[in-house]
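Me: I would like to learn how to read a model like this one. Please take me through the features one at a time.

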Amino acid sequence: MKRTIFRNQLLPWLLLAPQLAITFIFFIWPAAQAVWQSFLREDAFGMKSTFVGMANYWRLLDSPEYLNSLQVTAVFAVSVTILSMGFSLLLAVAVDRMIRSAQTYTTLLVWPYAVAPAVAGILWWFIFNPTIGILPYLLDQVGYNWNHISDKGDAMLLVVIASAWKQISYNFLFFVAGLQSIPASLREAAAIDGAGPVKRFFTITLPLISPTTFFLLVVNIVYAMFDTFAVIDSTTEGGPAQATNIMVYKVYFDGFVGQNLGSSGAQSVILMLIVIALTVIQFRWVEKKVEY
Amino acid sequence: MIENRPGLNLLAHLVLILGVAIVAMPVWIAFVASTHTATDFSSGTIPMWPGPHLIENYSRMLDSGLSTSGTPPVGMMMLNSLVMALMIAIGKIIISVLSAFAIVYFRFPLRNLAFWCIFITLMLPVEVRIVPTFQVVAGLGLLNSYAGLSIPLIASATATFLFRQVFLTIPDELTEAARIDGAGPMKFFRDILLPLSRTNIAALFVILFIYGWNQYLWPLLVTTDSSYYTIVAGIKRMADAVDGLPQWHLVMATAVMAMLPPVAVVIAMQKLFVKGLVETEK
């Protein structure tokens, strides 16, 4: 709170006007539309729509396709989070040991942040291309027949790897910052008491970076659920047989390709509720930032 | 360093070198593929080392593009991406710095409501409300225009919060001194607040430029006229078109060019980038 303020009454509204106008026209109004559409059902020709109450929601929760999408989203988000955070933590712990070369390694590891998810998808799609890709060729040598166009598991693995790869630099930077904030005296004390590197990692380092870990957990889940649309669309497009049809992709597909506005609206509302829940969790974490 | 364990240091170096190799591998392969011709892939797998067709492939894509896929020349798409990224980054910074100034330095009715309206945009990512937002933009006649590409994306709660935090740390004495000297609010804003937040603006610009350049779903929907295609959205149209006939060397050349500007920004301004990344998450 500022003690010294300016007394104008009109000026603050003029300053806020552009932000508020864009927020109303492109955020709040469309969101309200989505909520409204979720209670309507259009007839086959899109000529008139009738109010159907919660019917779109009940129908969604009854639909095996939607339940499958929920499950796919959960598997996808958890896999991306674990793979990306695990790999990044390993790299961050290694960099934390370095003195002179830390900066060089960091530079070499941060740039994937700047690669667009769509481009990341295309790159991995190419590497895993069943006929000319390098990885299917290597997998073939050990007797595995890779095919993400027909095999559900392979397709899921492909989008998980592409999405996790893109997120490594972000997690890495935050883990390094978390590790560097641990006072050296704590680890020294443990070392004098005879704790080896492995023991020190699990009893000191890991508990002390738990605020960072928790924060990254939320950020990565949000990333995997909402920012990976481009990865899916540039690679599998939800296939094969719905195996990678995550919720944001299904909203888009049902709304634009399927033209089912009621169902798409209901799915939008469910997703909004999930984002709200995750945002609340994230902000509560910021408030209660654990200090040692 | 707590104890000197050469074995562990060696292991750490190994882990990092392997990590860097895994992280860089996709880009290396894309680069290698972009320096060959289509016939080089027909033997089975792609080669491991760059070939002699680098300049040929890149200049072909920059000048004329892949006409069979209906996408314009890459040079034109990169220009569109640049315009969109700059409009998004600069637009977000301008409207956020203004609204943060209003919220921190003024007391007016409904101030909290205005704050909450901005906050709520955090919870409404474009992917979630995509159909109605598209209808609004179509209704306003903004399809196939730079305005339609950028304006719907420039509301920003994160940037507003960032500037709010920055302004809150600026001592009240400065404001008092400015007022005693007879400076009005806008003069104070221009001559004191903006210069003091210069590094924050620069750091935020790096993050927002990357955000803008990498937009995918939105440009894909609002551009049907190929002269407005952006490179990140255009590359998918290209990959779709060539899936039948193997033109991967040209698609990979485009992918490399799509990555180049944002990656160059991150590497050249690494300090600002890290600052921006950490600050926007607070």
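Me: Which residues of the largest nonpolar core touch the most other members?

Reply: First, the ground rules. This is a predicted model, in which local features need pLDDT of at least 70 and side-chain atom pairs count only at pLDDT 80 or more, while totals for chains, interfaces and linings use all residues. Residues are numbered from 1 along each chain as its sequence is written, and chains are lettered from A and ligands numbered from 1 in the order in which they are written. A nonpolar core is a set of buried Ala, Val, Leu, Ile, Met, Phe, Trp, Tyr and Cys residues joined through C-beta atoms within 7 Å. A residue is buried if 20 or more other C-beta atoms lie within 10 Å of its own, exposed if 12 or fewer, and partly exposed in between, with C-beta atoms placed from the backbone. Here the largest nonpolar core has 163 residues, and A:Val119, A:Leu123, A:Val248, B:Phe101, B:Ile235 and B:Ala255 touch the most other members. Helix α3 (residues 74-105) of chain B supplies the largest share of this core, 16 residues. Helices (H or I, at least four residues) and strands (E, at least two) are DSSP runs, numbered from the N terminus.

Me: What is A:Val248 in contact with, leaving aside its neighbours within four places in sequence?

Reply: Two residues are in contact if their C-beta atoms, placed from the backbone, lie within 7 Å. With those neighbours left aside, A:Val248 contacts A:Met225, A:Phe226, A:Phe229 and A:Leu271, and also B:Glu127 from chain B.

Me: Why does A:Val160 count as buried?

Reply: A:Val160 counts as buried because 25 other C-beta atoms lie within 10 Å. A:Val160 sits in helix α7 (residues 152-180) of chain A. Beyond its neighbours within four places in sequence, A:Val160 is in contact with A:Phe76, A:Ser79, A:Val80 and A:Leu83. A:Leu83 is 77 residues away along the chain, yet the two C-alpha atoms are separated by 8.4 Å.

Me: How many helices and strands does chain A have, and how many does chain B have?

Reply: Chain A has 13 helices and two strands. The radius of gyration of chain A is 24 Å, well over the 19 Å that the globule rule gives for 292 residues, so chain A is more spread out than a compact globule. The radius is taken over C-alpha atoms, and the rule is 2.2 Å times the number of residues to the power 0.38. Chain B has 14 helices and zero strands. The C-alpha trace of chain B spans about 75 × 65 × 30 Å along its principal axes. Buried residues make up 43% of chain A and 46% of chain B.

Me: Where does UniProt place the feature "transmembrane region" in chain B?

Reply: UniProt positions are given in the numbering used here, feature names are shortened, and annotations may be inferred rather than shown by experiment. The unreviewed UniProt entry places the feature at residues 12-33, 82-106, 113-131, 143-163, 192-213 and 248-269 of chain B. Residues 12-33 are 100% helix and 0% strand, with end C-alpha atoms 31 Å apart. Residues 143-163 are 57% helix and 0% strand, with end C-alpha atoms 32 Å apart.

Me: Where in chain B is confidence lowest, and where is it highest?

Reply: pLDDT is the predictor's confidence in each residue, from 0 to 100. Chain B averages 85, and 91% of the residues score at least 70. Confidence in chain B is lowest in helix α2 (residues 54-63), at a mean of 76, and highest in α3(B), at 93. The model scores ipTM 0.88 and pTM 0.89.
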